[in-house]
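This briefing is for a reader meeting the structure for the first time. Please look over the sequence and the model before reading the points below.

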Amino acid sequence: MSGTPISSIRNLGPAMEGACINAGIPDAETLREIGADAAYGRLLAQGTKPHFIGYYVLHMALQGRPWNDCRGKEKEALRLRFDALVAEHTAQAPLSGIEAILDEIGVVDPGKTTR
């Protein structure tokens, strides 16, 4: 027996539902139970590219609020949590492919700090 589709939650569509399912979050009940931070961490671990808007939309959706209702100090606090989640999940991921080769020869993305 499956639960309620994730896309039934306001502001969460089929793309988010598919990403959640791929990250082991099968339904809206599970998403609500684990919360936005744990869910976003799972999405990052599954290879979802970090995007702050997606993160705070997830928070707003689980609170039943419009996606663009996040402002001011609340948005600033969410940004800090987002940055921490991204750092936690990307710092542990090893480089692969061309990124690993470029890192090995010392080529650095000027927008990022070195390891």
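Arg-65 and Glu-74 form a salt bridge in which the closest N and O atoms are 2.7 Å apart. Glu-74 is partly exposed, with a relative accessible area of 30%. The model is predicted, and the protein averages a pLDDT of 87.

**Confidence**

- Of the residues in the protein, 87% score at least 70 in pLDDT.
- Confidence is highest in helix H2, residues 28-45, where the mean is 96.
- Confidence is lowest in helix H5, residues 97-104, with a mean of 74.

**Arg-65 and its surroundings**

- Arg-65 is placed in the loop between H3 and H4.
- The side chain of Arg-65 makes a polar contact of 2.6 Å with the side chain of Gln-63.
- Another polar contact, of 2.8 Å, joins the side chains of Arg-65 and Asp-69.
- Arg-65 and Asp-69 also count as a salt bridge, with the closest N and O atoms 2.8 Å apart.
- Asp-69 has a relative accessible area of 28%, so this residue is partly exposed.
- When neighbours within four places in sequence are left aside, Arg-65 is in contact with Arg-10, Asn-11, Met-60 and Glu-74.

**Salt bridges**

- How many salt bridges does the structure hold? There are five.
- One of them links Asp-83 with Arg-79, and the closest N and O atoms of this pair are 3.1 Å apart.
- Asp-83 and Arg-79 are four residues apart in helix H4, so about one helical turn separates them.
- Asp-83 is partly exposed, with a relative accessible area of 34%.
- Arg-79 is partly exposed as well, at 36%.

**Nonpolar core**

- In soluble globular proteins, nonpolar side chains tend to be buried together.
- The largest nonpolar core in this model has 26 residues.
- Which members touch the most other members of this core? They are Leu-12, Leu-31, Tyr-40, Tyr-55, Leu-58 and Leu-78.
- The elements that each give two or more residues to the core are helix H1 (14-22), H2, helix H3 (52-62) and helix H4 (72-91).
- Not counting residues up to four places away in sequence, Tyr-55 touches Asp-37, Tyr-40, Leu-78, Arg-81, Phe-82 and Leu-85.

**Aromatic residues**

- The structure holds six aromatic pairs.
- In the pair of Tyr-40 and Phe-82, the ring centres are 6.0 Å apart and the planes lie at 55 degrees.
- Why is this pair tilted? Planes under 30 degrees apart count as stacked and those over 60 as edge-to-face, so the rest are tilted, and the angle here is 55 degrees.
- This pair links distant parts of the chain, with Tyr-40 in helix H2 and Phe-82 in helix H4, 42 residues apart.
- Both Tyr-40 and Phe-82 are buried.
- Tyr-40 and Phe-82 belong to one aromatic cluster together with Phe-52, Tyr-55 and Tyr-56.

How values were computed: Residues numbered from 1 in each chain as written. Predicted model: local features only at pLDDT ≥ 70, side-chain atom pairs only at ≥ 80, totals over all residues. Heavy atoms only, no water. pLDDT = per-residue confidence, 0-100. Core = buried A, V, L, I, M, F, W, Y, C linked by side-chain atoms within 4.5 Å. Buried < 20%, exposed > 50% of the residue type's maximum accessible area, 1.4 Å probe, protein only. Contact = heavy atoms within 4.5 Å. Polar contact = N/O pair within 3.5 Å; in protein donor to acceptor, adjacent residues only side chain to side chain. Salt bridge = Lys/Arg side-chain N within 4 Å of Asp/Glu carboxyl O. Phe/Tyr/Trp six-rings, centres within 6.5 Å; stacked < 30°, edge-to-face > 60°.
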